[in-house]
Amino acid sequence: MKRILLIALLLAAAGAEAATFTDYATVVRSDPQYNTVTDSCPAPVQNGGDIASTVGGLVTGENGGALLGGIVGGVLGNQVGGGRGRTAATIVGALGGAMAGRTIAQNRTGGQPQPVAQPCTSHQAVTGYAVTYEYRGRRETVTMPYDPGKKLELTVSAQPVVR
């Protein structure tokens, strides 16, 4: 008797496999979900801190200081001496004035050009949908990456209860 009961239980267990099928639920509501998305930020721009900060890397505050210092030094050097001595004094004055002007400009602008942060932009984007559906008298809500429309395809799994 025990052997027959055991065989019957094993056959019943083997026949009690889960059945999977596709069915459709009615979508009651589908609400888009928004998140803030940050766009790529532009690279910082170099700024030397004055009106001639950077134009193609050639005209900077430092170079402007060197140019102005060279002119002033050359004029002052030209006032000294005569003949070849005047020419030498003009050249030495221009070089000295250029070095002094560059140093003064570096000290005034803090040395190296500083990066200036550019503002990042962001916008609201749909990142999913909160979908409420009804299936066999029950309401459920799930988050989906797309709007399913009026019907939602479901994979249903049914398995008999063994008592």
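Me: Is Arg136 buried or exposed?
Reply: Exposed. Arg136 has a relative accessibility of 74%. Bear in mind that this is a predicted model.

Me: Where does Arg136 lie?
Reply: Arg136 sits in the loop between β4 and β5.

Me: What about phi of Arg136?
Reply: Phi is near 55 degrees there. That is a positive value in a residue other than glycine.

Me: How many residues lie between the strands of that hairpin?
Reply: Two residues separate β4 and β5 in the hairpin.

Me: How many bridges join β4 to β5, and which way do they run?
Reply: Seven bridges, and the strands run antiparallel. β5 covers residues 138–144.

Me: Which residue stands opposite Tyr129?
Reply: Met144, in β5. Tyr129 and Met144 also both belong to the largest nonpolar core.

Me: Let's stay with β4. How many bridges join β1 to β4?
Reply: 12 bridges. β1 spans residues 19–38 and β4 spans residues 122–135. They run antiparallel too.

Me: What stands opposite Thr38?
Reply: Ser122, which is in β4.

Me: Back up a bit. What's the overall order of elements in the chain?
Reply: From the N terminus on, it goes α-β-β-α-α-β-β-β-β. That gives three helices and six strands.

Me: And how much of the chain is buried?
Reply: Buried residues are 21% of the 163 residues. The accessible surface is about 12200 Å². Carbon and sulfur atoms account for 60% of that surface.

Me: What share of contacts join residues at least 24 apart?
Reply: 75%, counted among contacts between residues at least 6 apart in sequence.

Me: Core next. Which residues make up the largest nonpolar core?
Reply: There are 10 residues in all. They are Ala25, Val27, Tyr129, Val131, Tyr133, Tyr135, Met144, Leu152, Leu154 and Val156.

Me: Which elements give two or more residues to this core?
Reply: β1, β4 and β6, with β6 covering 151–158. β4 gives the most, with four residues.

Me: Pick out Leu154. What does Leu154 touch?
Reply: Leaving out residues up to four places away in sequence, Leu154 touches Phe21, Thr22, Asp23, Ala25, Tyr133 and Tyr135. Of these, Ala25, Tyr133 and Tyr135 are listed in the core as well.

Me: Now Thr155. Which strand is Thr155 in?
Reply: Strand β6.

Me: Why does Thr155 count as exposed?
Reply: Because its relative accessible area is 64%, and exposed means over 50%.

Me: What is Thr155 in contact with?
Reply: Thr20 and Phe21, leaving aside neighbours within four places in sequence. Phe21 is also touched by Leu154.

Me: How many residues apart along the chain are Thr155 and Asp23?
Reply: 132 residues. Yet their C-alpha atoms are separated by 6.4 Å.

Me: Switching to charges. How many salt bridges are there?
Reply: Three. As a general point, side chains of opposite charge can pair when their charged atoms come close.

Me: Which residue does Arg139 meet in a salt bridge?
Reply: Glu134, at 3.2 Å, N to O. Arg139 is exposed at 54%, while Glu134 is partly exposed at 34%.

Me: And Glu140, what does that meet?
Reply: Arg138, at 3.0 Å, N to O. Glu140 is partly exposed, with 30% relative accessibility. Arg138 is exposed at 57%.

Me: What does Arg29 pair with?
Reply: Asp31, at 2.6 Å, N to O. Asp31 counts as partly exposed at 26%.

Me: Last topic, the surface. Which residues make the nonpolar surface patch?
Reply: Leu67, Ile71 and Val75 make a patch of about 300 Å².

Me: Where is Ile71 found?
Reply: In helix α2, residues 61–78.

Technical notes
Residues numbered from 1 in each chain as written. Predicted model: local features only at pLDDT ≥ 70, side-chain atom pairs only at ≥ 80, totals over all residues. Heavy atoms only, no water. Pairing = 2+ DSSP bridges. Salt bridge = Lys/Arg side-chain N within 4 Å of Asp/Glu carboxyl O. Buried < 20%, exposed > 50% of the residue type's maximum accessible area, 1.4 Å probe, protein only. Patch = residues over 30% accessible without salt bridge, like charges linked within 9 Å, V, L, I, M, F, W, Y side chains within 5 Å. Areas by Shrake-Rupley, 256 points an atom, 1.4 Å probe, with all protein chains shown as cover. Core = buried A, V, L, I, M, F, W, Y, C linked by side-chain atoms within 4.5 Å. Contact = heavy atoms within 4.5 Å.
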